[in-house]
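Take a look at the fold below. Then read on for a short tour, from the whole chain down to single residues.

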Amino acid sequence: MTTQRAGLCAIILAGGRSTRFGSDKASALLCGRPLLGWVVQAAAEACEQVIVVRAKGQVLPLFEPRAPFRVVEDGHDGLGPLAGIIAGLRASDSERCLVCSCDAPLLRPGLVEFLDTQFTAGAADVVLPVANDHPQPLLAIYRREVALPVFEAALAAGDLKINRIIAALATLRVEESALLRFDPALDSFRNCNTPDALAGLQARLTGSD
């Protein structure tokens with residue numbers, strides 16, 4: 001059973017341009033629920049606080065939240081997830097912040113709990129999962145007071161590549177073999193970047209594939 005981690009804040013990025021998807025991913029429906037609703041619920045099971053970062057003027061979908069969350073606005077336009085992460089970190093008063101995207105609806109709270117135990121057990125500034133042979137900066141835990149100024153400096157310099165920026169931080173990489181214990185199918189990293197990907201996930205969950 002997942003335990004809500006005291007002092008852990010989830011920052012959910014909902015304001016992406018959704019270029020490949022063709023419409024607002026946060027509002028796209030999976031089994032009748034907006035993708036954002038899926039992620040908010042999963043994050044709230046493992047995190048004490050939840051912050052949703054929306055784009056300027058973005059209208060978030062209506063859903064029945066089972067836990068409270070705050071909404072903040074990314075004041076930058078078209079600068080990608082880095083700007084959204086900065087907006088969330090600025091709004092948070094927690095030392096430990098989980099960053100995740102709104103288009104990965106099968107986020108496993110148990111995996112989040114495990115990543116946070118790795119963070120609190122060590123001295124790293126980032127706990128970075130490595131899944132499907134790739135580092136996953138959009139499902140990682142950051143030390144706010146260290147990461148925020150580094151990210152702000154990178155944004156000011158026009159460097160938007162998160163993986164490159166993370167190289168300046170003390171990073172604990174969590175390899176796939178460890179992740180599989182808590183998410184055997186690596187569903188937490190399954191993004192609905194296209195309508196076809198969303199349809200495939202819908203078919204899987206409803207048993208119609």
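The model is predicted, so local features need pLDDT of at least 70, side-chain atom pairs count only at pLDDT 80 or more, and totals for chains, interfaces and linings use all residues. Residues are numbered from 1 along each chain as its sequence is written, and side-chain values use heavy atoms, with hydrogens and water left out.

**Overall form**

The protein has 7 helices and 10 strands. Both are DSSP runs numbered from the N terminus: helices (H or I) have at least four residues, strands (E) at least two. The C-alpha trace spans about 45 × 40 × 30 Å along its principal axes.

**Surface and charge**

Of the 209 residues, 50% count as buried. Buried means under 20% relative accessible area, exposed over 50%, and partly exposed in between (1.4 Å probe, protein chains only). The accessible surface is about 9,700 Å², and 51% of it belongs to carbon and sulfur atoms. Such areas come from the Shrake-Rupley method with a 1.4 Å probe; for residues, only the protein chains shown count as cover.

There are 20 positive and 23 negative charges, and their mean positions lie 2 Å apart. Lys and Arg count as positive, Asp and Glu as negative; His and the chain ends are not counted. Each charge is placed at NZ of Lys, CZ of Arg, CG of Asp or CD of Glu.

**Cysteines**

How many disulfides are there? A disulfide is a pair of cysteine sulfur atoms within 2.5 Å. By this rule the count is 0. Here are two of the cysteines.

| Cysteine | Nearest cysteine sulfur | Distance |
|---|---|---|
| Cys 47 | Cys 100 | 7.2 Å |
| Cys 192 | Cys 102 | 9.6 Å |

Cys 47 is buried, at 1% relative accessibility. Cys 192 is buried too, at 0%.

**Two positive phi angles**

Cys 31 is not a glycine, yet its phi is positive, near 55°. Cys 31 sits in the loop between strand E2 (29–30) and strand E3 (33–34). Its relative accessible area is 35%, so Cys 31 is partly exposed.

Leu 186 also has a positive phi, about 55°. Leu 186 lies in the loop between helix H6 (176–179) and helix H7 (195–206). Leu 186 counts as buried because its relative accessibility is 8%.
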